[in-house]
Each structure stands twice: as C-alpha cells, then as structure tokens.
Amino acid sequence: MVGGELVLAALVILLALLLTLVLSHFLPLLLNPKAPKGSFGWPLLGETLRFLSPHASNTLGSFLEDHCSRYGRVFKSHLFCTPTIVSCDQELNHFILQNEERLFQCSYPRPIHGILGKSSMLVVLGEDHKRLRNLALALVTSTKLKHSYLGDIEKIALHIVGSWHGKSKDKGMVNVIAFCEEARKFAFSVIVKQVLGLSPEEPVTAMILEDFLAFMKGLISFPLYIPGTPYAKAARARISSTVKGIIEERRNAGSSNKGDFLDVLLSSNELSDEEKVSFVLDSLLGGYETTSLLISMVVYFLGQSAQDLELVKGEHEGIRSKKEKDEFLSSEDYKKMEYTQHVINEALRCGNIVKFVHRKALKDVRYKEYLIPSGWKVLPVFSAVHLNPLLHGNAQQFQPCRWEGASQGTSKKFTPFGGGPRLCPGSELAKVEAAFFLHHLVLNYRWRINGDDIPMAYPYVEFQRGLPIKIEPLCSES
C-alpha cells in the first residue's frame, strides 16, 4: 500500500515537473502575441540543435533558410534555453549594434563566462566594458605607431614561409602542409610578441601555446563541466597562472622598455591584476583565432580562383620590384595593396568568421513593425546579411572585384568584426597581418587545395581537415 502511494506521488511530481517545463517554454508565446512570427520547437532544447547544425560557412544553413522563407528575415525562436528574436535584416542588425547598453545588452551563455572569466572584455558590461575597450584601442594605436611593429610581423611571416623551403627545396617538388596549423603558428607568434614581448623560439612561448590550445578546445566544445573533456581542461587556470608569473617577473624586474602591451598594462592603475590577466587572454584570443582563420580563408578562396590569385601576385610583384633585396615592407607598401584588401574583405564576407553575436533586450523594443519583448535574447546574424543576394550580387560567389570603388570598412551590409561600441578593436591589425603574410606566400609559392575541405560553421568556423594544401616553390624569392 505504502509502495503504491510512493509510486503515485512520484508520478504526480513528475507530471507536475513536465507541465511546469511545458508552460515555462510556451508561456512567452502566449504573453507576447505581437512578437515576430516563428516557432519555439520542443521544451528545454527548443530549436538550438537545428540552429547549431554544421553547414558550409558561405551558406546560411538549412535552419536559417527554412525559417527565413517561412517567417521572414526577422523571426522568433527558442535558442540556448531562452526565447529569442533572430534578425537576418541589415537595418535591424545595425539598430541592435548601435543601441548597446541603451536598448540591448551583451548576453553570452553562462558557460562562456565560466571559461573566459568574469573580467573578460567579451562578457563585461557597461562602464567596465567601456574602460577595457578604451584601453584596448589605446594599445592598438600604440602598437601601430611602434617602428618595430611591421618588421616583427614580416620577420615571423618570413620564418613560417621559409620553413617550408626546407621541406621542398627543389622547384617542381610538391609538399603537402596543413595550412591552418601554419596560419595559427604565425598568428600566435605575432600576438605573443605584441602582447608579452616573447619571441617564437623562447621556451615559455611553447608552454603558453600548449595551454592556449587547450583553452581554445574548451571554448569551442559543448559547454559542460565533465572531468576530462576539453571544456574542463580549458578552465583557464594554467594559462592564467603562466601569465600571472610573467606579470610578476616583469613587475619585479622593473621597467623593461620592451614597449609591448604588457608594459602599458603594468603602468595602468585602472585595472586589477585579475583584469590584466583577462585582458592578456582576450588579446591572445582575438589575435590568434580570428587572424589565423582570416588567413586560411584567403588562401582557401584564392586557391579556387586562379584569376584573382594572379591579380594579387601581380600587385605584390609590383611592390617588391621597387624595394631592395632584403628591404622590409612599410606602411606605404601596405596602402598600395588595394586588390589584396578587396580579397581580404571578400574572404571575410564569404567565410563569415563571426556568424552572429548574443544580445538581450533591456526593455520592450519596437522597431518598424517588430516588437522585441523585454528580457528576450536577440541574435543579429551577420552571415545572413553578407550572403543576401539583394545586397551582394551573386552572394555565394567569391568576387573580390565587387569591392572596387566601395568602402573598405564596416557598413550596414558588411559587419565581419561586429559593430557599435563592441566593434573589434584589433580588426585592422588582423588585416595587416594577413596582407603581409600573403605577400611572402604569393611571391614564394604556388598552391592548390589537397582534396576536399571547406570552412564549416559549428557555429565556430573551422576547416575539418585543417586545409591541407600542396605547395610548390617558385624560382624567385621575396
């Protein structure tokens, strides 16, 4: 008798829990009938798994294609366990980005906070974010003014590209390399030099890289605290400890006069030590992943377009012909890389390194015919604007010539680095690094992609096979 009552009580509790789950999932639909059209999917999961389904990064993916055709370019859904407005509209995206902290607020999923840390510039809000971003802009400006900045980039590019010569010394000898790995080596070496003043051959650089790879695996893996998973390994403790050690060593040694990010950070009294460590990690993350992916995208798309590759090569041959044999590139040379900038912009538009960002409505927002309810998540989808054929003719085709005579910066229909107060402060540095690396690549090698590999959005973009390419040395060397 007692056992039967216990089973009945358990069933009642289970039924109540299920009912609560269903009501909490669908109640926002009933309370907000004027929200855009859309669907919420199943309780708890909503439509998250479909939204995150892998697809080629130069396509919208089946979820967005299906929902845009059914509900329009602005629709409601239930993503990341939250009622969500998804915007594939350039005007609404611009409105969201420009009204940061007034109508909308950065709102990344809680597990992201756990792995980046509460002081990360990506997740902090309000005045804290403004303070950190102003410091980032000041550091970027001081970096660009450094006489050694461009030289450091070029030396590292020459080191990476030169290392391939040793593997295939003779003209006509083909070698296969995993290009994404080479691009990461380059980007990491550059950012570690800029931020910490470390050269690639120093032992501590290799140690930081090992910890950082674990950090990156955790950041892009499914966010669950399960011992032994990449996410748990990337809890950031080891790399934070290493950076703290470098900070203490620099502080105890007094002024280093290296002129890197760390010198400027140590001279600032505005940040706590925890914020300084987070700032270093943010700088490494931004300078490593975005830049290496951008370079890989450029190589991927140029590998499929012989005509554009020849135009880029001709541009760089013209620049090199006016310089002495071992003379380094200058800022004036960079300004002459006009078609290279078209290629970089088109790779950003087609590749969609940043597909969307997370925001939350701070109050009920009316925009044109749309109502965005207070507290709902808002996802401005940049890739949907970049691939909109009404805004970009032959949108899924790689056509750098479309940028001739057009603005090279961020606009309503081109937001590869975000926009508004959270526009990536290091976006121009990434373009400089990509252009300098490409200079030495096109003057030293011809290449083609080895087999099938395309950039896939998971939603983080990556090449499944690491972009293996066959390289063949050219006669002339830059």
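User: Which residues of β2 sit on one side and which on the other, and are they buried or exposed?

Analyst: Bear in mind that this is a predicted model. Val74, Lys76 and His78 are on one side of β2, and Phe75, Ser77 and Leu79 are on the other. All are buried, so both faces are covered. In general, side chains in a regular strand alternate between the two faces of the sheet.

User: How many residues of β2 are buried in total?

Analyst: Six of the six, across residues 74–79. The strand is therefore largely enclosed by the rest of the structure.

User: What does β2 pair with?

Analyst: Strand β3, residues 82–87. The pairing is antiparallel, over six bridges. Opposite His78 you find Pro83 of β3.

User: And what about the turn in that hairpin?

Analyst: Two residues lie between β2 and β3. Phe80 is in the turn, with a positive phi of about 55 degrees.

User: What's the strand order in the open sheet of three strands?

Analyst: β1-β11-β12, with antiparallel pairing. β1 (55–56) and β12 (461–463) are the edge strands, each pairing on one side only.

User: How many bridges join β11 and β12?

Analyst: Three, in the antiparallel sense. Pro455 has Phe463 in β12 as its bridge partner.

User: Which helix lies across those two?

Analyst: α13, residues 273–302, lies across β11 and β12. Its angle to β12 is about 55 degrees.

User: Switching to helices. How do α14 and α18 pack?

Analyst: At an angle of about 95 degrees, with axes 9 Å apart. α14 covers residues 306–321, and α18 covers residues 427–444. That angle makes α14 roughly perpendicular to α18.

User: Which residues make the contact?

Analyst: From α14: Leu309, Val312, Lys313, His316, Glu317, Ile319 and Arg320. From α18: Ala435, Leu438, His439, His440, Val442 and Leu443. By class, that is seven nonpolar, three polar and three charged residues.

User: Cysteines now. How many disulfides are there?

Analyst: The count is zero. Cys88 is in no disulfide, and the nearest cysteine sulfur, that of Cys68, is 3.7 Å away. The cut-off for a disulfide is a pair of sulfur atoms within 2.5 Å.

User: Is Cys88 buried or exposed?

Analyst: Buried, because its relative accessible area is 1% and the limit for buried is under 20%.

User: And Cys180, buried or exposed?

Analyst: Cys180 is buried too, with a relative accessible area of 5%.

Definitions and conventions: Residues are numbered from 1 along each chain as its sequence is written. This is a predicted model: local features need pLDDT of at least 70, side-chain atom pairs count only at pLDDT 80 or more; totals for chains, interfaces and linings use all residues. Side-chain values use heavy atoms; hydrogens and water are left out. Buried means under 20% relative accessible area, exposed over 50%, partly exposed in between (1.4 Å probe, protein chains only). Axes are lines fitted to C-alpha atoms, for helices over the stretch in contact, and angles run from 0 to 180 degrees between N-to-C directions. Helices (H or I, at least four residues) and strands (E, at least two) are DSSP runs, numbered from the N terminus. Angles under 35 degrees count as roughly parallel, over 145 as roughly antiparallel, 65 to 115 as roughly perpendicular and the rest as oblique. Contact means heavy atoms within 4.5 Å. Ala, Val, Leu, Ile, Met, Phe, Trp, Tyr, Cys and Pro count as nonpolar, Asp, Glu, Lys and Arg as charged, and the others, Gly among them, as polar. Two strands pair if DSSP finds at least two bridges between them.
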